[in-house]
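Here's a friendly walk through one protein model, taken a piece at a time. Have a look at the structure first, and then we'll get going.

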Amino acid sequence: MGENTDIRRTIPAGAKVHYWGTPDGWHLRAFAWPAETATPRGSILFQGGRGDIFEKYLEVFHHWHEQGWTITSFDWRGQGGSGRLTSRPHCGDIDSFDTFIADLRAFYADWESATPGPHVVIGHSMGGHLILRGLVEGAIRPDAAVIVAPMLGVKSALGPFAERAARILGGAGDSTRPAWKSNEKPYTTETRANLLTHDQARYSDEIYWQQHNPEIVTGPPSWRWLIEGFKSMRELAKNPKLRKMPVPVLALVAKADGLVDAKAALRIIPKLPDARIVAFGKESAHEILREEDKVRNRAIGEIDLFLAARAQRR
C-alpha cells in the first residue's frame, strides 16, 4: 500500500471540503465523503491529533470508503484549516479543552442526524483523548469507538512535574506564545519524522500538503495549550464515569511511542467496561495508521474486525 501516492495526495472526486459553523460562530474546515452505494455500511467520524489535517488520512479513508462507509472529519479549532486563536499563524492554541469538547458535541449531533448508521468515531492522539472524553462525558454516543495512540499522558523528561513546570513557565508572560520553537517534541535528538512513522513516503505526504496549502501548517503548541492539555488528561484519568461508559472501544497503543505515554493508556483504558487493547512494539511509532505496511495493515485489520463485530450494519 505504500505506493498509493495518488490517493494520498488527492481529494477524492466524490468528497467535499467545506466549512462548518459552530454554535459560537467559529468555522471548522471539514471533509465529507458520502458512501457511494445504495446500502451504506455506516458512517465514520475520524478526528486527528494536535496539529493534524484530515488530508494525512486520505489513504485509510479510501480503505473504509471502499467498504461502503461514509467518511467525515474536521480540523480541530485553532489548527489546520480551522483558524487560529493567536496572532501567531503557526502556533496551535486553545483557551480550554472544554472548547474542543463543545465543538465535538455540536458537530457530532449534526453529523449523526445527517448520515447513515451505524455511527463510529475514530480518534488519533489528541483526537483519541478528546473522543474518549466526549464518550465519558456523554457529549457523543456512537455505536462504537476506536482510539489510536491516544494522548492520555505525554512523554516528558520532567515526568510527574511536567504539568507544574508548564504552569510556571506558561504563566510567566503571554501564555499564548509558542511553548517551543518548531519540533513536535523539544529537547530530543530524534527527528519529527522518526517520532511519527518509520514510513518516509507517508511522512512526506504531510510535507506535500503543507507546501500545497501553507495556511494549514500548525507548528508548536502554545503554553496555554500545554497547560489545558495536562489539566484535561489529569481530570479524564480520574473521572469515575470511565468505569460506566457503555460504548465499546478498541484502543491501538504503540508501546514505543515517543510522543504520548503508552503506559498511561495501558493504565486508563482497562477501566472501561467494554474495551480491547491491541499493542504494538518497537515496530510502530506514534502514527500507527501511517506506519509501514506491516504495522498499518495489522492496525486496519483489527479495526475492521472490531467494526464487523461491534458496529453491525442496520
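Is R224 buried, partly exposed or exposed? R224 is partly exposed, because its relative accessible area is 22%, and buried here means under 20% relative accessible area, exposed over 50%, and partly exposed in between (1.4 Å probe, protein chains only).

A quick word on the ground rules. This is a predicted model, where local features need pLDDT of at least 70 and side-chain atom pairs count only at pLDDT 80 or more, while totals for chains, interfaces and linings use all residues. Residues are numbered from 1 along each chain as its sequence is written, and side-chain values use heavy atoms, with hydrogens and water left out.

**Charged pairs**

Side chains of opposite charge can pair when their charged atoms come close. A salt bridge means a side-chain nitrogen of Lys or Arg within 4 Å of a carboxyl oxygen of Asp or Glu, and the structure holds 24 salt bridges. Here are some of them:

| Pair | Closest N to O |
|---|---|
| D52 and K56 | 2.5 Å |
| E206 and R192 | 3.0 Å |

R224 lies in helix α8 and D93 in the loop between β4 (69-74) and α3, so the pair ties together parts that are 131 residues apart in sequence.

Now for E206, which has R192 as a salt-bridge partner. This pair links distant parts of the chain, with E206 in helix α7 (residues 200-212) and R192 in helix α6 (residues 192-196), 14 residues apart. Both E206 and R192 are buried. Salt bridges with shared partners join D52, K56, R192, E206, E287 and R290 into one network. Within it, D52 and K56 are both buried too.

**A covered helix**

Next comes helix α4 (residues 126-136), which is mostly covered: 11 of its 11 residues are buried. Among the elements covering those buried residues are β3 (42-47), α3 (97-114), β5 (119-124), β6 (144-148), α8 (223-237) and β7 (249-254). After α4 comes G138, whose phi is positive, near 75 degrees.

A139 sits in the loop between α4 and β6. Why does A139 count as buried? It does so because its relative accessible area is 8%. Setting aside neighbours within four places in sequence, A139 is in contact (heavy atoms within 4.5 Å) with I101, R105 and G134. A139 and R77 are 62 residues apart in sequence and 17 Å apart in space, C-alpha to C-alpha.

**A pocket**

Rolling a probe the size of a water molecule over the atoms shows where empty space is left. On a 1 Å grid over the protein atoms alone, a pocket is an open set of points where a 1.4 Å probe fits, with protein on both sides within 12 Å along at least five of seven lines, and its lining residues have an atom within 4 Å of a point.

The second largest pocket is lined by 19 residues, and G153, V154, G159, P160 and F230 lie nearest its centre. The elements that give two or more residues to this lining are α5 (162-171), α8 and α9 (262-268). The most comes from α8, with 4 residues.
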